[in-house]
Amino acid sequence: MSTSHPDRNRNRASLEHSAPSDEPSETAEDSRVVEVRVAAEATQLPVMRAVVGDLAMRADFDVDTIADLRLAVDEACSSLVRIAAERSPLVGRFRTEDDRLEFTAEVTSNDPSGPRKNTFSWRVLGALTDSVASSVREPENRGDGHVVRIQLSKGRMVHG
C-alpha cells in the first residue's frame, strides 16, 4: 500500500499543455501554450530554465537567444519567488507564436506592490527581452493574496 506525503508532492513540477487560465488569449485548445506549476522556491528555478530552453530550441531560436531566454526566465522567476507568499505555487506559461516566445510567471503574494522595477534584476530583464511588464491583481476574497505576474517576450533573430 502506498501513501502520498503532501510535502513531498509539493516540490514536484507539473507540466500541463494549455491548462486553464484567466488569460483570454490562452484557450484550452491552444497547443502552443505549456504551463508549468512548481513550488515558489529557488530550488525549482532550474525547471523553468529547462522548459524555456527546450521550447526555444524546438522553435529554432539561435543559441544566444536561447541563453538570453533562460537567463530572463530565471530573473523573472527569482523576482517572484522573493515576494511569494508561503506555500504559493510559481506558475509559468510559455507560448510559442511564429518567431516569438512569450512567458508569463505568477505567484500569490501578500505584497500588493509587485516586483520592484528600480533594480538591477529588472534592468537585466529589459536588456534580455523585447518586452517586459508586471501586474498585480487584487485578491478576489479577503485573506487571499495578490496575484503578481511578470510577462516577457523575445523574438527570434532573423539572419539575412
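This is a predicted model: local features need pLDDT of at least 70, side-chain atom pairs count only at pLDDT 80 or more; totals for chains, interfaces and linings use all residues.
## Helix α4: the buried face

Helix α4 spans residues 120–128. Its buried residues are Ser121, Trp122, Val124, Leu125 and Leu128. Viewed down the axis of α4, these buried residues fall within an arc of 155°, so they line one face of the helix.

That buried set has three packing partners among the secondary-structure elements: α3 (63–83), β5 (131–137) and β6 (146–155).

## Helix α4: the other face

Phe120, Arg123 and Ala127 are exposed. They sit on the face of α4 turned away from its buried side.

## Positive phi in two loops

Arg87 lies in the loop between α3 and β3 (89–97). Arg87 is not a glycine, yet its phi is positive, at about 70°. Its relative accessibility is 51%. The cut-off for exposed is over 50%, so Arg87 counts as exposed.

Asp98 belongs to the loop between β3 and β4 (100–109). Asp98 is also a residue other than glycine with a positive phi, here near 50°. Asp98 is exposed, with a relative accessible area of 68%.

## Gly143 in the β5–β6 loop

Gly143 is placed in the loop between β5 and β6. Those two strands also pack against the buried residues of α4. Gly143 has 75% relative accessibility and therefore counts as exposed.

In sequence, Gly143 and Asn110 are 33 residues apart. In space, the C-alpha to C-alpha distance between Gly143 and Asn110 is 9.1 Å.

Conventions: Residues are numbered from 1 along each chain as its sequence is written. Side-chain values use heavy atoms; hydrogens and water are left out. Buried means under 20% relative accessible area, exposed over 50%, partly exposed in between (1.4 Å probe, protein chains only). Helices (H or I, at least four residues) and strands (E, at least two) are DSSP runs, numbered from the N terminus. The arc is that of the directions from the helix axis to the C-beta atoms. Contact means heavy atoms within 4.5 Å.
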